[in-house]
Amino acid sequence: MDRIYFDNNATTPLRSEVLEAMLPYLRDHYGNASSIHATGRQARQAVEAARAKVAQALNCDPSEVVFTGSGTEADNQAIKGAYFALGRQRPHLVTSRIEHHAVLHTVEYLEKHHGAQATYLEVDGQGLVNLEQLRSCLSDKTALVSVMHANNEVGTVQPISEMVALCRERGALFHTDAVQTFGKLDCDVRALGVDLLSLSAHKIYGPKGVGALYIRKGTRLHSLIHGGGHERGRRAGTENVAGIVGLGAAAELAMREREEECRRLSQLRDRLWQGIQSAIADVRRNGHPERSLPGTLSVCFRYIEGESVLLMLDLKGIACSSGSACTSGSLEPSHVLAAMGVPTEEAQGSVRFSLGRYNTEEEVDQVVEVLKESVAKLRAMSPLAPSAGCSGGTAS
Ligand code: PLP
């Protein structure tokens, strides 16, 4: 059997069109984009063309896009940059309990080492943040609110514009981590109203190690990396020209295909969930049934461990993840599911399937078959499982 890759929220394969766009900048056009001779100018043109493509996808001015070395760096730049610029007058930061660690650990670092006071917004059972808590915790001491556009593990999409409106009343900045939504959902920064937005190339069939931060014109932000005047003084360091070209190409392709691909992935995800529900008893879907990333399905298989399911599927040539890739391998239940109130024993049985542009209906059906077998085997060995626990039945 060919390998089946259902882990597209962790990373995606590089598209051949993207590779083709990048190759000349790895092989021939080696100029430094800051050099003023022709070789340098060629690299500069490529960087600026990519910036224009990303800006078009975000509906912003190219001067509002800063290239970074990853989505993680963009998150760090947004949060630390805002806090270092404003924290003296406004030491309060707000985020949610279900953020990626690129956000959570950054806020925790600022609390521990730089005197920040942080509020962590609770989420409901479907992963939606508590808007009332946001309204009541905001004050004229709040520098920044950072809430992700959609969650990488369960796919829940947050009501960003509503949160932005609350922040405006208090003069707080709003940042969203759109690493999982850029190129998949509408990320029009004017419509969303955000001041800062992070994105990453490798989630949309672009190269690893390149991302970008949208910074609304006029936003006060300290830089994290000092040196030359690259990226209008926002981020020093000779540009990763080929990577940036790859991000631009991936963004352009994603925007062109976004709506149709979104529909296709939603159908595939629904097929997967229907298949799982009819083949396996005692399963539960995590996340919001409607406000969700099109290709993301998080499922708890009761009485067994998600890690064991993952390993069994891997032996059969299927890649998926338990919790998020960054934390798999640790026995801690996912912080996202814990915040959503999923009991620990169930959270430990969670598996995330994330579909992408190369997945097909046939693959979905094969995965359901393999899952049925694997879950039955694992439950047969599990002291927690009621006997004969795995042949069709109810799901919650
Ligand atoms: N934010 C979210 C929601 C993510 O899913 C990820 C990657 O998994 C990141 C940030 C980090 O992005 P990068 O891998 O580009 O550092």
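Student: What makes β3 and strand β5 (residues 142-146) a pair, and in which sense do they run?

Tutor: In this predicted model, β3 and β5 are joined over four bridges in the parallel sense, and because pairing requires at least two bridges, the two strands count as paired. One of the contacts involves His92, whose bridge partner in β5 is Thr142.

Student: How many bridges join β3 to strand β4 (residues 117-121), and which residue of β4 is the bridge partner of His92?

Tutor: Five bridges join β3 to β4, and these strands run parallel; the partner of His92 in β4 is Gln117. Between β3 and β4 the chain passes through helix α4 (residues 101-114), and this β-α-β crossover is right-handed.

Student: What describes the packing of helix α2 (residues 38-58) with helix α8 (residues 241-279), and which residues make the contact?

Tutor: The axes of α2 and α8 are 8 Å apart at an angle of about 30°, and their crossing is left-handed. Residues making the contact include Ala43, Val47 and Lys53 of α2, together with Ile244, Gly248 and Glu252 of α8. By class, the contact has 13 nonpolar, one polar and two charged residues; Gly counts as polar, so Gly248 of α8 is the one polar residue of this contact.

How values were computed:
Residues numbered from 1 in each chain as written. Predicted model: local features only at pLDDT ≥ 70, side-chain atom pairs only at ≥ 80, totals over all residues. Heavy atoms only, no water. Axes fitted to C-alpha atoms, helices over the stretch in contact; angles between N-to-C directions. Helix = DSSP H or I, 4+ residues; strand = E, 2+ residues; numbered from the N terminus. Left-handed = near helix turned anticlockwise from the far one by under 90°. Contact = heavy atoms within 4.5 Å. Right-handed = clockwise from strand over helix to strand, strands pointing away.
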